[in-house]
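Notebook open, structure loaded. I want a few spots looked up before I do anything else with this one.

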Amino acid sequence: MRILITGAAGFLGSHLADRAIASGHQVIAVDNFLTGREINLAHLQGNRSFQLLNRDVIAPLELDGPVDWILHFASPASPPKYLRFPVETMRVNGEGTLHLLELAQRKKAGFLLASTSEVYGDPMVHPQVEGYWGNVNSVGPRAVYDESKRFAEALTANHRRQTGLPTRIIRIFNTYGPRMDPEDGRVVSNFICQALRNRPIEIYGDGRQTRSFQFVDDLVEGIFRLLEVDYSDPVNLGNPQEFTIADFAHLVKARTGSASSLVFKDLPVDDPRRRCPDISLARRILGWSPRVSIEEGLGRTIEYFQQELRRAG
């Protein structure tokens, strides 16, 4: 197949490009490098199955030749990044999604939207199942991401109803692994980098809020399985193993052998208190569940960040 991946220089997009090429597909990688990193794709330069375009998908994208799938992963995804680029985030999830849906229709391609567990907001239902409509503050600071992804889902679903375009929607829960940006600002990268530098590990709130963490390889496997089934409603992809943030900080500290202390800071506005997926649907329709243990995944991720910090000096 010939697969277009937007946000391809990002953490997730670059792993998708690797998997697609390893499976014998051709990849057209699109990124404007607002938050993506060229180093994530450097190993693919010169590969005959790989093409990189520096484009902003807020503008319509024209391509020569056929396209079989469009995987839409372009968007700032960590709170520090989408709060730094609020309008750009909303536009890429709104205008960008529309332009790519229209491109998919012209190319007679399938379209997969990378949505997020953030559409559930600060959930009142636990664990979160796809049928839960969420609890989102539409005018809060996090709404630039939460609401723009909810709009992207609605746009994707209604484009399918109106045109018959084959679409897929995934709701991604906290994912970690190599190629995360050390300055990403999310809990895994923050904790590991702080621990490796023996700096205080900063916990927002009292540490009793929860998250679940899936390794990137598991997410990529779930995505490619979804491309093979005819299912258009949203699908949760995440790890149902739940940690308090404080417990996760202690785990990172132990795995790194760090002397870091734990410090507690004010919880950001609208930060979810609990976040954990119900993956019954993914198990049923994809035969999928996470395989990489937290011990293995953290080990591989810590090794990556050690190399990154050495490289940065």
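Started with leucine 113, which sits in strand β5 (helices, H or I, of at least four residues and strands, E, of at least two are DSSP runs, numbered from the N terminus). Housekeeping: this is a predicted model, where local features need pLDDT of at least 70, side-chain atom pairs count only at pLDDT 80 or more, and totals for chains, interfaces and linings use all residues. Residues are numbered from 1 along each chain as its sequence is written, and side-chain values use heavy atoms, with hydrogens and water left out.

Buried or exposed, leucine 113? Leucine 113 is buried, at a relative accessible area of 0% (buried is under 20%, exposed over 50%, partly exposed in between, with a 1.4 Å probe and protein chains only). I listed what leucine 113 contacts (heavy atoms within 4.5 Å), skipping neighbours within four places in sequence, and got His72, Thr97, Ala152, Glu153, Thr156, Arg168, Ile169 and Ile170.

Next, the nonpolar cores (sets of buried Ala, Val, Leu, Ile, Met, Phe, Trp, Tyr and Cys joined through side-chain atoms within 4.5 Å). The largest has 61 residues, and among those with the most contacts inside it are Leu71, Phe73 and Phe191. Helix α6, residues 216-227, gives the most to this core, with 7 residues. A second, separate core has 23 residues, including Val67, Leu100, Leu101 and Ile169.

Then aspartate 122, in the loop between β5 (110-116) and α4 (143-163). Aspartate 122 is buried too, with a relative accessible area of 17%. What lies 3.0 Å from a polar atom of its side chain? I found the backbone nitrogen of arginine 273 there. Leaving out neighbours within four places, aspartate 122 is in contact with Asn135, Asp271, Pro272 and Arg273.

Last entry: the lining of the second largest pocket. I see Tyr120, Trp133, Arg150, Glu153 and Arg171 among the lining residues. Which element gives the largest share? That is α4, with 4 residues. By type, I get 5 nonpolar, 3 polar and 4 charged (Ala, Val, Leu, Ile, Met, Phe, Trp, Tyr, Cys and Pro count as nonpolar, Asp, Glu, Lys and Arg as charged, the others, Gly among them, as polar).

Note on methods. Polar contact = N/O pair within 3.5 Å; in protein donor to acceptor, adjacent residues only side chain to side chain. 1 Å grid on protein atoms, 1.4 Å probe; cavity = no way out; pocket = protein on both sides within 12 Å on 5 of 7 lines; lining within 4 Å.
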